[in-house]
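Let's take a friendly walk through a protein structure together. Have a look at the chains first, and then read on.

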Amino acid sequence: MLIKKTTLTALLSSVMFTAGMSSVVAEQETVGDFTRGAKAWSQNCIRCHNVRDPKELRDDQWITTTFHMRIRAGLTGQEVRDIIAFLQQSN
Amino acid sequence: MNTQYFRFSVLACALGLASISSTYAATDIEKLQAEVDELKQKVEQAAEWKKPKTLIHLAGFADVGYTDADNSPSTFNLGTFAPIFHYQFSDLVMLEGELEFEINATGATSVSIDYLTVDIFVNDYMAFVGGKFLSPLGQFRQNLHPSWINKVASAPAGFGHDQAAPNAEVGIMLRGGFPLGGNSANYAIYVGNGPFLEWDAADGEVHAIETPGIGTDVDGKKVVGGRFGYYIPDTTFEFGLSYASGKASLKDGSTYEEGRDYDVTGVDFTYRPGNFDIRGEFIKQEYGTLATSTYDTAGGIWEAWYVQAAYKFLPSKWEAVVRYGEYDTPHASQDVEQWVAGVNYLFASNVIGKVNYEFNDNPNAGQTANDRVLLQLAYGF
């Protein structure tokens, strides 16, 4: 019974959360911005480890890496698009 | 020779040359046109593969080391080889998987799945993560354990495998970040199979709370938990709170007891003023009593904390680090009070050489000076 309850609560809260967020999503921007990206990069990409050189990776590799870091670092989708724009123009 | 004939010959020559050069020009242009067309096609083909929907990327880290401990022979070690696989479909789905290869004392290689998850980016503020993931409780296991990140060659006391800090989970998780009160916050909430309590028949005690991320939930009782992180006032200072609760069963060989209460509480922080990097955390795992247990009716607490400060001597490549930590368990023999002092050389931001001196004391068991010298070369790629 306990399992059912926890499963149900988890599913329910995720559905509610998703529904709540989708109204925000409707207004979101989708393109990355270099200037905002430079700022978000300098503020976030040094929180856990030494800053990795933008020249280290190719454009496509920065996409996978930044999405990986989005999960680790709790970044928003817009921050990720901005940071990718910055990294792809700086490598 | 009359001048008229001469003039005529010159004219004829000139005309002939002109007509030859115009034939040349025509074939040249055709050739050039063909080359341009071919090049155009090649460029189009190259561009076609510049932005495929599926991206594949191999990352990871590795380290090699040397340990000289007071109470055992000195040894070289191949610490870890941990390739990370990233497969990403558009901006919708990502698979992240890390394997860990290690060489043991008999020379055999062991491989384990450190984590393997399928992540769905639900919206800008939430990702769904399903599979085996590093425990999102606290910061060391999920954010600092890779050797190119950890500024010390060892994990803090109590933050190794199956000690005070939960290692991994098999389950589902929602995580992300969002703006909050002018700052940013991040969160992770999960439901997982939870741990088991390893019974040591020889010593007649629960030896450890095992949290490797178990593939089957034998007691059928899930653990629910998460972490909330907040920046005050910006990312220079981050503060995190972790909590989890559920049931865990005592395991004796292949026999499992009924589940008992299991809770985790934790706090962590990171502060990075100037060239300093200061961080610390406290984590506590505890399981409750079980009156009907035929093994051990009592509960138990495994807890640990550390504070670490590192300073980069910029613009040089040198970094100094000190860490103090304590690990407390129900068994005095496992407890540790640990100081580490170290010097690191950053060959690059992802290639780091470490020289550490680790002081390990255990006043609870009357032991002192179980010290170690650790050397390590770590590379994150």
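From the N terminus on, chain A runs α-α-α-α, and its secondary structure comes to four helices and zero strands. Here helices (H or I, at least four residues) and strands (E, at least two) are DSSP runs, numbered from the N terminus. This is a predicted model, where local features need pLDDT of at least 70 and side-chain atom pairs count only at pLDDT 80 or more, while totals for chains, interfaces and linings use all residues. Residues are numbered from 1 along each chain as its sequence is written, chains are lettered from A and ligands numbered from 1 in the order in which they are written, and side-chain values use heavy atoms, with hydrogens and water left out.

How much of chain A is buried? Of its 91 residues, 43% count as buried, where buried means under 20% relative accessible area, exposed over 50%, and partly exposed in between (1.4 Å probe, protein chains only).

Now look for disulfides, meaning pairs of cysteine sulfur atoms within 2.5 Å. A search of the whole structure finds zero of them over all chains. A:Cys45 is partly exposed at 21% relative accessibility, and A:Cys48 is partly exposed at 23%.

Finally, move to chain B, where B:Lys251 is found in strand β11 (residues 237–252). B:Lys251 counts as buried because its relative accessibility is 17%.
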